[in-house]
Amino acid sequence: AVAAGAFYHLVKPVPQDMLRRVLAAAGQEIGRRRRQQEGLRRHQSAFADLQQVRFTLNRLDQVDAVASFLGSLSPRPERSVVGLTELLRNGIEHGLMRLGLAAKQRHLAEGTLETELARRADAVTGEVEATGLRRNGTIVYVIRDSGPGFRWQPFINSDPSRSQAASGRGIARAAVTFDRLSYDAPGKAAVAVVSSHDRHIW
């Protein structure tokens, strides 16, 4: 379902408060993707021959523009920009802001996540470095943050046990948008690869 683009997995009966939160988050995601797609069209026509680009960012309001620009390098830009958005947000929220999974889930449940993100943004140090380059028929993205790293292995594949969790699915969602996604051992740098050749999925 994640590979097909599912935003969330709900099991009936669905509590009304959970349904409201999921619908609100999905609405925000749709709006974000529409804005990014508009940026993709502009970037693809203007930077068709770009070979390498690097950005540094440390705020969540920078993510959409950077993901859109980097995604324009990809032969499948609409899919790549989804994965890039997840990786960039992960780098800022968890790497720079030090917002752990349990804390994020708690703030989501209490409806205080945006307030907590704004509070932590004032204390952010360091940066996320995002690089995109064309190399031997592939597009390589490297998203590196200056945070402490994390144990990424449990999150890179979809896990049915997390299907009802309020968060913790972003990296698995990113993984299905690229041909390959891996992290360095400390979990501070993600490397995503997109082949310039079409994939056939049977």
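**Salt bridges and burial, by the cut-offs**

Within the protein chain, 67% of the contacts with a separation of 6 or more are between residues 24 or more positions apart, a contact being heavy atoms within 4.5 Å. This is a predicted model, where local features need pLDDT of at least 70, side-chain atom pairs count only at pLDDT 80 or more, and totals for chains, interfaces and linings use all residues. Residues are numbered from 1 along each chain as its sequence is written, and side-chain values use heavy atoms, with hydrogens and water left out.

User: What makes Asp61 and Arg59 a salt bridge?

Analyst: The term asks for a side-chain nitrogen of Lys or Arg within 4 Å of a carboxyl oxygen of Asp or Glu. Here the closest N and O atoms are 2.9 Å apart, so the pair qualifies.

User: Why is Asp61 called exposed?

Analyst: Exposed means over 50% relative accessible area, buried under 20%, and partly exposed in between (1.4 Å probe, protein chains only). Asp61 has 60%, so it counts as exposed. Arg59, with 42%, is therefore partly exposed.

User: How do you know that Glu93 and Lys104 are paired, and are they buried or exposed?

Analyst: Their side chains meet at 2.7 Å, N to O, so they pass the salt-bridge cut-off. Glu93 sits in helix H3 and Lys104 in helix H4 (residues 101-110), 11 residues apart. Glu93 has a relative accessible area of 2% and Lys104 has 16%, so both are buried. Salt bridges with shared partners also join Arg89, Glu93 and Lys104 into one network.

Notes
Helix = DSSP H or I, 4+ residues; strand = E, 2+ residues; numbered from the N terminus.
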